[in-house]
Amino acid sequence: MLKFKKMGSDKVPLLLVTANVGSIFEEPSVMLPIWTSEFLQAVARMDPKFIALHLQEVGGKTYEKSMQYVQEFVQRLCDCPELRLYDKIRIFLDEDFSSPEKFTALGNMYFAHSSLTDLKIWDFALNAYVDVAGREVHSGNIEKVTTKEKAKFPQHFFPECKWSRKGFLRTRWLIRGTGIEFVNIHLFHDASNLLAMEPFPSVYCRSRRRALRHTLRHLHSDINAAPYFIFGDFNFRTDTGGVVKKVTEELSACRLQNGANVDSTKLQYRSEKDGRLVLTVGKKEFAHADHQKIFREPWLQRFDRELEVLRPHLYEFPVKFPPSYPFEEDVHLPTHYMKTRCPSWCDRILLSQSARLLIQHQDSTRVDNRPNVHTSRKSVTESTDSSGRVSSSDSSPARSGSPATQNHQSSPNKCLEKKSSLMDIDALSVPGINVSRKSIADPTSLHQAINARASESEGSPIRRKLVRNQSEGSPKTGDGVSNELRRLVEAPKRKRTEYGVIGDTACMGDHKPIYLRVMLQTDRGNFRQECHSETSPKNTRNDETDLSESTTDSPNSRYIHFNVDEPCNLFKETDI
């Protein structure tokens with residue numbers, strides 16, 4: 001007889017999904033059933049205990065006409081049998097298009113399994129967590145809803161556009177005693193392919209970077225903030241100029257323009273041998289002769305560069321799926337790209353470096369040398385002297401007597417100097433990790449420590465198997481037992497971490513939904529943090545695009561204390 005073993009209470013499977021749903025509301029009778037079906041199939045396959053679904057462009061581009069279908073979409077999800085065991089639901093839909101100065105068209109939907117009893121959500125007005133029970137749907141004008149934070153980006157962040165709906169919508173949760181945040185974000189698009197061809201970074205890329213930095217600084221300046229996942233439509237585009245240069249080698253260019261109308265300008269690239277038209281680039285046209293094949297090849301990922309400058313602060317699991325935008329909105333061509341933009345990875349799921357410490361990694365026995373793995377400390381320049389000590393140019397509070405340091409040293413007057421003792425360095429250890437004798441700010445040592453801890457967990461002979469618990473929605477006695485047992489036995493081995501596409505062969509609109517399934521380690525406990533202003537050469541702004549930002553957005557050092565019962569467990573994020 002097959003017995004059910006209780007799943008470790010310190011692990012919670014999370015399913016995070018981001019989807020720009022603007023186009024599915026253009027033809028709701030056809031698109032909504034397809035989209036919903038693919039999403040629910042993904043939920044059934046991955047069997048998460050907590051689902052965070054972030055939507056952008058809720059109601060579509062013609063939201064005045066299409067917003068009526070949003071309630072049908074919500075009802076379809078909430079009442080479906082696949083989600084019957086998710087009895088705690090929180091939905092936030094910004095639908096009030098009559099207030100353009102605040103309207104973002106963002107939607108956050110959260111579904112918690114009945115087995116997840118220890119669940120709270122943060123009330124931004126009370127500055128406290130409140131219990132989560134039952135179903136709550138907040139739609140229309142949600143400005144007064146206190147369990148979320150919503151902001152629209154200032155207009156000067158994107159002066160090329162007269163009006164936009166771009167912004168972020170944020171919630172904070174306490175899942176089995178561990179605080180974590182989910183941030184839905186929608187950044188600015190490329191208005192013209194021709195303008196996007198300028199040397200990287202383009203004016204559009206700089207606008208997105210400015211808005212994202214603004215958001216991250218806001219998160220870090222919040223004294224109550226938690227480690228976060230930020231996922232949505234970042235509108236990250238490939239380096240258009242670099243892509244064009246790559247695919248037009250040995251081709252001749254010709255500019256076409258219809259009179260004085262600049263918007264009608266096109267660039268055509270033809271073969272010098274036979275005059276065959278290979279590539280056409282216009283304001284809203286990007287058409288290659290081999291369009292459906294060439295942009296699925298591995299070389300394109302080299303031009304996905306927009307996240308480079310924020311790699312020290314944001315982590316992303318390896319991207320092994322094709323560009324998520326722009327797909328045809330034709331149900332007969334679900335895998336074809338539209339010839340309007342260069343295909344790009346617009347939709348992403350990112351996490352802070354502190355949140356990365358809360359995730360149980362799947363493949364940790366192999367050290368990952370990808371360039372996107374760093375700690376969040378970038379401005380530290382370290383060297384090792386002949387005695388093996390680490391010297392640093394860092395002037396942060398951790399090395400100059402900040403409260404974060406003073407609270408965790410044996411003497412209140414003791415602080416980390418430029419050449420710290422081994423005991424002082426050990427006081428700044430990452431939770432549960434035996435860090436090598438370097439500063440915690442050292443990217444190599446921290447990365448190796450994270451992988452080493454996960455590797456030990458993976459290889460432990462007493463590691464508990466993740467199997468279904470009867471109290472977590474497992475079958476009760478009756479006719480459904482045999483079907484449930486068969487499903488568990490026949491189901492393929494599930495990976496702990498998956499990062500991919502939902503509905504890769506179905507028509508999901510112009511954006512494919514992107515998902516991330518991870519195991520949240522809730523044995524870290526809750527945390528507290530301290531924020532400090534910091535001055536270092538790295539914080540001096542040389543980017544002219546940042547001059548318009550408020551000086552109050554200066555970078556901070558955020559000291560996060562995991563497991564407050566063990567005061568030595570400290571992690572630092574800084575220099576956004």
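View 1. The predicted model holds 0 disulfides, a disulfide being a pair of cysteine sulfur atoms within 2.5 Å. The C80 sulfur lies 8.0 Å from the closest cysteine sulfur, in C78, too far for a bond. C80 is buried at 7% relative accessible area (buried: under 20%; exposed: over 50%; partly exposed: in between; 1.4 Å probe, protein chains only). C507 is also buried, at 4%.

Residues are numbered from 1 along each chain as its sequence is written. In this predicted model, local features need pLDDT of at least 70 and side-chain atom pairs count only at pLDDT 80 or more, while totals for chains, interfaces and linings use all residues; side-chain values use heavy atoms, with hydrogens and water left out.

**View 2. The D222–R172 salt bridge.** D222 and R172 pair at 2.9 Å, N to O (salt bridge: a side-chain nitrogen of Lys or Arg within 4 Å of a carboxyl oxygen of Asp or Glu). D222 sits in the loop between α5 (203–221) and β11 (228–233), R172 in strand β9 (residues 167–175), so the contact ties together parts 50 residues apart in sequence. Helices (H or I, at least four residues) and strands (E, at least two) are DSSP runs, numbered from the N terminus. D222 is buried at 18%; R172 is buried at 0%.

**View 3. The R348–D304 salt bridge.** The closest N and O atoms of R348 and D304 are 2.9 Å apart. R348 is in strand β17 (residues 347–352), and D304 is in the loop between α7 (291–294) and β16 (314–315), 44 residues apart. R348 is buried at 1%, D304 at 11%.
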